[in-house]
Amino acid sequence: MKKLFLPFLAILFFVSESLFVDLWPKSIWYEHYIFAPRFLLIFILFVTVYVTQTHGMVYGLILGGLYDVVYTEILGVYLFSFPLIAYIAAKAMKWFHNHLVVTCFLSMIFVSILEFYVYGIQLFIGKTAMPFEQFYSYRLLPTLLVNALFLLFFSYPLKQWLVKIERYEREE
Amino acid sequence: MPQFFLNKRLILLLVSIIFLVALIGFSLKERKELTWSEQFVKDTTGFVQFLFHQPAQLVAGFFENVQDIKNTYKENKLLKARLEEYVMLEAEVQTLKKENEELRAVLDKKESLRDFIPIEATVIGRNPDRWQETVIINKGEQQGVKKDMAVITPSGLIGKIQHASQFTSTVQLLSALDRQNRISAYVQGQEGSVFGLIEGYDDKRQALLFKQIPFDAKIEKKQLVLTSGLGGIFPKGLPIGEVEEVVPDEYGLTKMAYVKPAANFYDVDDVIVVKRKIDAVQEEETK
């Protein structure tokens, strides 16, 4: 039963992003500013930091692949970036003190890196013509705000769960 | 596994970059159909999404209802005023419908571009990265959904089917229209209709671009824009929106109009996939 807890959490986070954009109250704010929930990336980063690097990368690979196939239909973009970000995060955590605030801060940095990376790819393949200023003020900042709020409310319980799972996995 | 990454990580990185470029290239190709593995993954996750989406929708719906109750009195007043108009319109529609049928019978013309078979579907997901506005619905090829079919809500056209897998399909919303995808449309005017093409979407104005209008055509604000059915896939007469502003085109040879969409692209819960009756008849004949 306990073994299924991490995959279940992964599915929950995967579905939560789509639910979040679909059920968010559709105000002017929603139509004007584009914010993307990056809860899945935050989940993968937390798994990398609090469970193990291998777990983070494997989950990144699987969830990234699912994300590409199900949501964006442009294969490879997230499949490539999620494991890579998990790898870099694991390497970066060696330099920092392992503390919740540090992890949250790192998550915010990686969320913006992912935004820039996806923006670059979208520009490159010609799916968007959004100028940089517009991207910066109408997309990047709202996205960071939404994800910061998410971290504010959910980072502590998420950490507690993952630490428990890690302890269980070590005992195995 | 970590040992493996340490030794050959640079090579692995380069190989995966090549792999990434190849995959992106593969998925950007104009594909008629998704591969079976993609379809399988989509259908499976579609089922999981459906399980999560229903209860979440209920909860969200409750809060929306509370909001609605606040506006009830105002809306009720307005609706009462319009009710009388409605009765008159209804009577007119009935007589027109009957007349149309009779005339069709005289001409012995059974199918029209207007008729369609509705396939009702529920939205079970939305693209969270929001670069392309797409939604996922819970009907697929098994229920008769095919690529490029029109998708509407009661208020108007919202998009078309981008890819259909067996039990789910992806809808590309009009706000994500790319340049290759055009919709043949016309404006309902006083002196006959004016034809043109819907090409693209203006993010800032939140309006569709209605292009290729002849320069001497008379178009005014508030006129209705409908699908013409000439593009070969959509039925005729689905409302798209109303004209907001008319401006000369870049080259000054034709005119362009900004069209305010009739349907709300953001608040989409239940949709109808539209299958043209003419196509259905032809399919049966070829069988």
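The model is predicted: local features need pLDDT of at least 70, side-chain atom pairs count only at pLDDT 80 or more, and totals for chains, interfaces and linings use all residues. Residues are numbered from 1 along each chain as its sequence is written, while chains are lettered from A and ligands numbered from 1 in the order in which they are written. Helices (H or I, at least four residues) and strands (E, at least two) are DSSP runs, numbered from the N terminus.

**Helix pair in chain A**

- Helix α5 (residues 77-93) and helix α6 (residues 100-124) of chain A cross at roughly 150°, and their axes come within 11 Å. Axes are lines fitted to C-alpha atoms, for helices over the stretch in contact, and angles run from 0 to 180 degrees between N-to-C directions.
- That angle makes α5(A) roughly antiparallel to α6(A); the term applies to angles over 145 degrees.
- On the α5(A) side, A:V77, A:S81, A:I85, A:A89 and A:A92 take part; they meet A:L106, A:F110, A:L114, A:Y117, A:V118 and A:I121 of α6(A). Contact requires C-beta atoms, placed from the backbone, within 7 Å.
- This contact has 10 nonpolar residues, 1 polar residue and no charged residues. Ala, Val, Leu, Ile, Met, Phe, Trp, Tyr, Cys and Pro count as nonpolar, Asp, Glu, Lys and Arg as charged, and the others, Gly among them, as polar.

**Barrel in chain B**

- Chain B holds a closed barrel of 6 strands, in the order β1-β2-β5-β4-β3-β12, with antiparallel pairing. Strands pair if DSSP finds at least two bridges between them.
- Neighbouring strands in this sheet are turned by 45° against each other on average, direction ignored.
- Strand β1 (residues 116-126) runs antiparallel to β12 (residues 270-276) in chain B, joined by 7 bridges. B:I119 has B:V273 as its bridge partner in β12(B).
- β3(B) pairs with β12(B) over 3 bridges, also antiparallel. Here B:V151 stands opposite B:V273.
- A hairpin through 2 residues joins β3(B) to β4(B). These strands, residues 150-153 and 156-164 of chain B, are antiparallel and share 4 bridges. B:I152 is opposite B:L157.
- Helix α2 (residues 36-107) of chain B lies across β1 and β2 (134-137), at about 80° to β1(B).

**Contact between the chains**

- Chain A brings 33 residues to the contact and chain B brings 34 residues.
- On chain A, α1 (5-23), α2 (28-32), α4 (53-72), α5 and α6 each supply at least two residues. α1(A) gives the most, with 9 residues.
- The chain A side divides into 20 nonpolar, 7 polar and 6 charged residues.

Note on methods
Parallel < 35°, antiparallel > 145°, perpendicular 65-115°, else oblique. Contact = placed C-beta atoms within 7 Å.
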